[in-house]
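Please look over the sequence and the model before reading on.

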Amino acid sequence: MSINTFIRWENVMDILTHYGENNSFMETFKHTANNEKVNLCMQNKFIRSCLEKWLDDPKFNDSLKNATKSKEIRLAANEEFKMNRLELCCKLYTKAAQFAPYKSIESILAFSNRSAIYLRLNKYQECLKDIEASLNILENSEINEQDVHKGQLIVKLLKRKIECLMALKQFKIAKTNWENILEVSKNVYKIPLEDQFIKKYKVLSDCDKNNSNNVDIVKNADETLTEDLIKERLNTNKINLPFRSPKMELCYSEVKGRHFVASTKIEYGELLIFENPFASVLLPEYYNSFCYHCYVPLKYYSIPCNNCCTILFCGDKCLQEARNSYHRWECKQGTSIFKCIGIAHLALRLTLETSKANSNNDQIYNLLTHIDDLKSLELFQYSLTATLLLIYLQKKTDFFEKHPNLVLDSVGNELLHHMTRLVCNGNAISSHMLSDYDSGSRTSIIDESRPRIGTAIFPTSSLLNHSCNPNIFSSNILKYVVIKASRDISKGEEITNCYGPNFRRMRLADRQASLKNQYHFDCKCCICLDPQTDDIFFKTLEGLVCLSCHNEIPATLLDLDVNDTVYCGLCYVRFRTLDYKRGLLKADKTYNKGMIQLEASNFLYAVQVISESLRLYTLVLNPKNSNIAKCEDSIAKCYALAGYFENCYMYLDRSFKKIEDRFGENSLEVAYELDKMSDIMVNNLDIRNDRNLIHKALKHVRRSMEIFDANLSAWDIPYSESGIANIKHKENVLLQFLEGRF
Ligand SMILES: [Zn+2]
Ligand SMILES: [Zn+2]
Ligand SMILES: [Zn+2]
Ligand SMILES: [Zn+2]
């Protein structure tokens with residue numbers, strides 16, 4: 001085997017699974033106690049050598065610092081700078097800083113160059129931070145004078161600093177810096193300042209430090225959603241985390257296990273839980289766009305880890321906290337290994353967390369593992385991953401040296417149990433992306449997604465049982481979970497979450513199968529116990545029409561698979577299900593063709609094709625069928641992208657009622673739709689002279705705001721900065737329209 005070919009983790013799994021199945025090993029494994037399973041894998045020479053070999057792959061060094069690569073990227077950024085592509089340039093210097101070895105010349109140059117870009121972009125705070133970072137390294141480390149013109153660079157940075165401070169109107173600090181730069185340039189490095197510069201800032205010499213007129217106006221930073229802001233709001237409201245509403249009573253029963261019951265009436269929108277994760281991980285595809293530690297979106301400023309080059313932090317505080325508590329054991333060899341092993345990364349974090357002396361571990365150990373319900377093959381694969389992580393900790397980190405009280409066996413066992421806990425207790429962390437006007441892109445009309453950016457364990461929330469028709473709504477603010485009542489809950493009613501299979505999205509049989517498979521129980525929620533309601537709901541979503549009179553018939557898409565004919569009670573005619581299937585297939589194919597055109601940016605042609613698929617669907621499906629709504633939504637998307645906003649609005653308006661029926665009137669889906677519609681009305685349609693439309697848009701704006709607030713907010717902690725700002729802005733614009741002020 002050539003050392004240059006990297007073996008994917010899945011392949012290692014396959015090889016070892018194959019090995020296990022074709023040997024007596026599997027039999028021994030089955031009969032070994034759960035607590036001994038990882039140990040058994042550790043003792044097996046073949047398994048161990050396979051895993052060790054994989055960990056030794058030189059490919060993993062790609063995520064370590066690399067001065068040559070940093071320089072390459074910096075030079076590429078310099079070229080972009082000449083073309084004045086500042087945003088791209090900024091991203092590239094960040095990349096250069098990521099690859100630059102800690103406190104090296106490369107890192108000085110990456111930060112100092114990035115500070116120049118920040119200055120151009122009027123990002124003065126960010127600029128100051130980068131100047132500080134480069135000065136710090138320049139002054140405190142052994143930099144060879146030949147490699148960088150130290151004096152020149154220092155003077156250049158100090159000059160830039162004054163420019164920033166003046167722009168921020170921080171005159172007092174600027175004055176101190178002015179005196180400093182005069183001293184440094186004249187007496188330390190003997191580099192004369194240009195006349196132009198002296199002329200511009202000489203005024204600082206004359207201003208009096210103690211004169212009250214020169215007090216620094218510290219600009220109130222924009223209220224951006226940060227971990228600090230959340231902590232401050234929690235403080236003001238005297239809230240200690242984890243917060244749990246006193247109206248939630250923790251109960252226990254044989255059947256339900258631990259669960260929550262409303263001890264008194266709870267109203268729609270009431271806050272029930274606000275909790276920080278016991279442990280969480282950011283998914284690798286978001287390493288460049290969110291802070292690795294606090295999950296704040298990284299718009300401009302970010303700093304790299306001291307040792308690895310794949311992740312970013314929003315600032316020094318997060319970097320230090322992460323390194324001190326878990327990251328120092330993750331990046332000894334770079335972080336690429338975690339891209340390969342998925343959820344097991346969180347199992348490692350849990351182990352690191354529970355190995356801390358002061359952590360409250362009971363809340364984790366009490367969570368169900370279902371380890372005895374797992375099939376032996378599954379358990380074998382979990383054990384292999386746990387063994388891999390154990391070898392990693394032992395061979396690639398100083399974890400065991402730093403924890404002399406921990407033994408290999410018990411840590412391995414811990415890793416395995418955490419993995420099985422995660423399968424049924426892991427929660428997604430999603431980011432709210434309300435139409436983001438910062439990006440200024442038109443696609444904001446389309447992307448209402450809440451992408452999953454991380455996975456976490458929330459001990460209190462994990463105690464909520466599942467229902468396919470839950471009475472709470474769960475969302476995330478950064479990495480915190482916020483749980484609110486999604487409707488009124490009466491006294492004595494159980495408070496339930498949905499683990500995924502929701503009756504509005506999945507049919508009874510599929511829900512039951514999915515819950516059994518992942519969570520090992522038979523759902524007995526009120527919807528599951530009432531197949532008729534379930535049926536009626538899906539009949540409207542999957543209903544068919546008569547092929548001759550086009551009225552609704554009782555049959556649904558599901559009947560097409562079980563019956564040969566369907567019957568229309570108005571025409572007294574039986575139709576072959578085959579004809580329905582043919583019609584549907586044709587419509588599906590046409591729709592897919594339309595979507596390909598959309599992908600290729602042929603928007604108006606895509607409208608034509610998708611409209612044709614809509615016509616074809618209408619021939620066989622009833623108007624409430626989800627395929628019809630899907631077509632209308634796609635057509636609206638095409639029109640928006642093509643700039644035909646009136647048509648776009650028309651189609652959105654058409655599909656709105658269906659979205660309401662499908663997802664419920666207080667659902668986020670409805671709020672996103674209203675947000676989209678009002679966006680178009682305010683930004684793209686000329687409604688100034690139509691009071692009816694203005695009122696309609698205002699109604700949309702206010703209703704969406706109400707739903708967002710009821711579902712997502714807590715103690716004035718904003719759930720999404722740009723989203724809220726945008727909604728408030730729309731409301732203002734509309735009010736001004738009403739007053740005729742535009
Ligand atoms: Zn952070
Ligand atoms: Zn690192
Ligand atoms: Zn159910
Ligand atoms: Zn008919």
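## Basis of the description

Strands here are DSSP runs of E with at least two residues, and they are numbered from the N terminus. Tyr 480 lies in strand β12. The model is predicted.

## Tyr 480 and its surroundings

Tyr 480 has 26 C-beta neighbours inside 10 Å, and therefore counts as buried; the cut-off for a buried residue is 20 or more. Apart from neighbours within four places in sequence, the contacts of Tyr 480 are Ile 230, Phe 274, Glu 275 and Asn 276.

One of these residues, Ile 230, is 250 residues away from Tyr 480 along the chain.

## Strand β12

Strand β12 covers residues 480–485 and is mostly covered, with six of its six residues buried. Both of the strand's faces are covered. One side carries Tyr 480, Val 482 and Lys 484, and the other carries Val 481, Ile 483 and Ala 485.

## The sheet that holds β12

Strands of a sheet pair through backbone hydrogen bonds, in either a parallel or an antiparallel sense. The sheet that contains β12 is open and has four strands in the order β1-β4-β12-β11, with antiparallel pairing. Its edge strands are β1 (243–244) and β11, each of which pairs on one side only.

Phe 274 stands opposite Val 482 in β12. Strand β11 (residues 472–477) pairs with β12 over six bridges, in the antiparallel sense. Within that pair, Asn 476 has Val 481 of β12 as its bridge partner. The strands β11 and β12 form a hairpin with two residues between them, and Leu 478 in the turn has a positive phi of about 50°.

## A second sheet of four strands

Another open sheet of four strands has the order β2-β3-β13-β10, and its pairing is mixed. The edge strands are β2 (248–253) and β10 (465–466), each pairing on one side only.

Strand β2 is joined by six bridges to β3 (residues 257–262), and the two run antiparallel. They form a hairpin with three residues between them. Two of the facing positions can be named: Ser 253 stands opposite Gly 257 in β3, and Glu 249 stands opposite Val 261 in β3.

## Strands β8 and β9

Strand β8 (residues 427–430) has one covered face, made of Asn 427 and Ile 429. Its uncovered face is made of Ala 428 and Ser 430. Strand β8 pairs with β9 (residues 452–457) in the antiparallel sense, over four bridges. Ala 428, on the uncovered face, has Thr 455 in β9 as its bridge partner.

## Helices α7 and α9

Helix α7 (residues 105–120) packs against helix α9 (residues 150–167) at an angle of about 25°, and their axes are 11 Å apart. Angles under 35 degrees count as roughly parallel, so α7 is roughly parallel to α9. The crossing in which α7 passes α9 is left-handed.

On the α7 side, the residues that meet α9 are Ser 112, Ser 115, Ala 116 and Leu 119. On the α9 side they are Leu 153, Leu 157, Arg 160, Glu 163 and Cys 164. By class, the residues of this contact are five nonpolar, two polar and two charged.

## Helices α18 and α20

Helix α18 (residues 376–396) and helix α20 (residues 408–425) pack at an angle of about 135°, with axes 9 Å apart. The two helices are therefore oblique to each other. Their crossing is right-handed.

Helix α18 contributes Tyr 382, Ser 383, Thr 385, Ala 386, Thr 387, Leu 389, Leu 390, Leu 393 and Gln 394 to the contact. Helix α20 contributes Leu 408, Val 411, Gly 412, Leu 415, Leu 416, Met 419 and Thr 420. The residues of the contact of α18 with α20 divide into 10 nonpolar and six polar, with no charged residue.

Note on methods: Residues numbered from 1 in each chain as written. Chains lettered and ligands numbered in written order. Predicted model: local features only at pLDDT ≥ 70, side-chain atom pairs only at ≥ 80, totals over all residues. Pairing = 2+ DSSP bridges. Axes fitted to C-alpha atoms, helices over the stretch in contact; angles between N-to-C directions. Parallel < 35°, antiparallel > 145°, perpendicular 65-115°, else oblique. Left-handed = near helix turned anticlockwise from the far one by under 90°. Contact = placed C-beta atoms within 7 Å. Nonpolar A, V, L, I, M, F, W, Y, C, P; charged D, E, K, R; others polar. Buried ≥ 20, exposed ≤ 12 C-beta atoms within 10 Å, placed from the backbone.
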